[in-house]
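Biologist: I am new to this structure. Please go through the terms as they come up.

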Amino acid sequence: MASFVWDYLLWLGPSLLLLLLYLALCRPRIRGWTRLAVRAASWRLWVIICVILELPLDRNMRAWTREPKSPGEDILSGSGQASDGQRLICKPTALAKYLLHHCGCLARPRLASWPKGDPHLQTLSSLLCGQQGHTLQFTRDNLFLRDGGIVALDWAVGTRLDEVVGRRRWEGRKEHQSGGKSLGCFTATPPVLLLIPESWGGMTPHLKLLCHQAMRLGFYVVVFHARGTAGCPLTTARLTEFGDPADLEQAVAYVHNRHPSSVMVAVSEGSGSGILLSYLGECGSSSYLTAAAAISPVLQGQLWFETVMPSIYRWGVLFLRKLQLSRYASSFRGVLDVDRALSCSSLRDLEETLSCSSAQLQQRTPSPPISSRKSRLSNGSHSSQGLAPSVAWSLGERAYPAKDWDNYWERNEPLRDADEVAVPVLCIRSRDDPLLPPASTLPLPLFLSNPYFLLVLTDRGGHCGFTLEGREEMEGGRDGNEVEEKGNWSHIAVLEYFRVVADFLKREERDGVSSDGPRGEYSRSRTSDVAPPRRRRANMIRKQRLETPEESSVDAEEEEDDFTWKRSYTR
């Protein structure tokens, strides 16, 4: 009998323990202690994994226990001092104040905390295994360039389900336009959103999710792929330099000619900001873009290449770049040392080998001076990369490799022509980005002195991550009862930013016309007497004229009254 009782108790023991555990977890205090214990154990395990993988940890070791805080009401900053939460760093212009009042997502971010908000988990998730929008498909246009190269333009399309949803949304939008508050960026024809991926090419889950969200809002979405990336054929022995906007300029002109009545905006992902910012600087007021945004941008290209990344990210980027190079190894062997490039162990060595004559084949004749190049082109000889004389003449210095590393960045630094940018540019950056240099190296004087540049600096977000904590109600043009789905805060912020900027420009143009004066005008319409966009010669570099934060804060209010948003087409 005793053995039977013991067997019965042993048989019921696990069930009794589970029942007691369930009853204990029903108590809020015990449940809270258990959650903290699990999070503490998970955090210590994650620390061990980061040490093994040589990943940098956040300096605030208690970040996993801290819930996200709501930022203060005044996030318009005139200094570069770090603060908790989010900070909008810009010159206090009318546009900046309008954004603060009408762009609710900039004032109320609720970014995820650890573990979902860990910078490395966010970065890997956004670049490798995030949500991808399974209904998204693309059709490709191969654009033939002036020098014989080809770039790819992928137009996002949807399935029948998306078409039905889009038709309903279009009908609802027409009702809003007839009466009520409508999305400001929408005109009679949907706006065009141009997306620029990372410099190493390919569509990341982060970019696909942005495509999906933009399509749901009625955008025409097109993705720009540089030559030799994402399956785009390489027809010339010439790769796109980090800050060379020539290919993007031709692609933007093609998209504008295809949708001449649509407003065009652009978003760059990570290192794709190199060609976007270069394009905005070189084209100036002749750009076809109304506004632009850069998520986790590389603002200082040379510093980014010279800063050592964590090993796991560095080898990942090198693998993608070398995979692209090895595909066309036989075509490049005549113009550069492919074996040396494939054996590089740093991003700087690889970029220098591919783009600088000092690091290429020793048996090749070094690039001649400009005077000798002109004489060779006038005699009808071809350039070192097999370009026709007329094409080499139009490319200028870019028809030849850079002389050395410093000369390469004189013509490829993204912000080299920042003074010429004539459209609003929103940059979103997190302090814990593992792929970019420290936030202390950001060119804050640029954002404090140039009215067209705005920087949103957050504590968390990783590289192109910015995961939301959960469901969040967004203001600024949306119903108070409408709830935004889980996703990336940067996507919501960028799309909302475009809407608010379009509203602001329409209001400024309307106020300027009604007052019959120049103040507040921002002319977007192009007439027949406007000169077409033209490229500046690559050897005419315009240095930045930046002010210190102290000088900017003193003169901010005085300059605000003198600054107008009227766009002059003088270039």
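Modeller: Contact means heavy atoms within 4.5 Å. This is a predicted model. By that contact rule, the buried residues of α5 pack against α2 (28-53), α7 (205-216), β7 (264-269) and α11 (311-327).

Biologist: Which residues of helix α5 are buried?

Modeller: In α5, residues 119-129, they are Pro119, His120, Gln122, Thr123, Ser126 and Leu127.

Biologist: What makes them line one face of the helix?

Modeller: Viewed down the axis of α5, the buried residues fall within an arc of 165°, so they line one face. An α-helix has 3.6 residues a turn, so residues three or four places apart point the same way. Leu128 and Cys129 are exposed, on the other side of α5.

Biologist: What does aspartate 118 reach at the start of α5?

Modeller: A side-chain oxygen of aspartate 118 comes to within 3.0 Å of the backbone nitrogen of histidine 120. The cut-off for a polar contact is 3.5 Å.

Biologist: Why does cysteine 90 count as buried?

Modeller: Buried means under 20% relative accessible area. Cysteine 90 has 3% relative accessibility, so cysteine 90 counts as buried. Cysteine 283 also counts as buried, because its relative accessibility is 3%.

Biologist: How many disulfides are there?

Modeller: A disulfide needs two cysteine sulfur atoms within 2.5 Å, and by this rule the count is zero.

Biologist: Which residues touch the most other members of the largest nonpolar core?

Modeller: Of its 45 residues, these are Phe224, Leu248, Leu280, Val425 and Phe453. Helix α9 (residues 273-283) supplies the largest share of this core, six residues. Beyond its neighbours within four places in sequence, valine 425 has contacts that include Leu277, Leu280, Ala292 and Phe453.

Note on methods:
Residues are numbered from 1 along each chain as its sequence is written. This is a predicted model: local features need pLDDT of at least 70, side-chain atom pairs count only at pLDDT 80 or more; totals for chains, interfaces and linings use all residues. Side-chain values use heavy atoms; hydrogens and water are left out. Buried means under 20% relative accessible area, exposed over 50%, partly exposed in between (1.4 Å probe, protein chains only). Helices (H or I, at least four residues) and strands (E, at least two) are DSSP runs, numbered from the N terminus. The arc is that of the directions from the helix axis to the C-beta atoms. A polar contact is a pair of N or O atoms within 3.5 Å; within protein, one must be able to donate a hydrogen and the other to accept it, and residues adjacent in sequence count only if both atoms are side-chain atoms. A nonpolar core is a set of buried Ala, Val, Leu, Ile, Met, Phe, Trp, Tyr and Cys residues joined through side-chain atoms within 4.5 Å.
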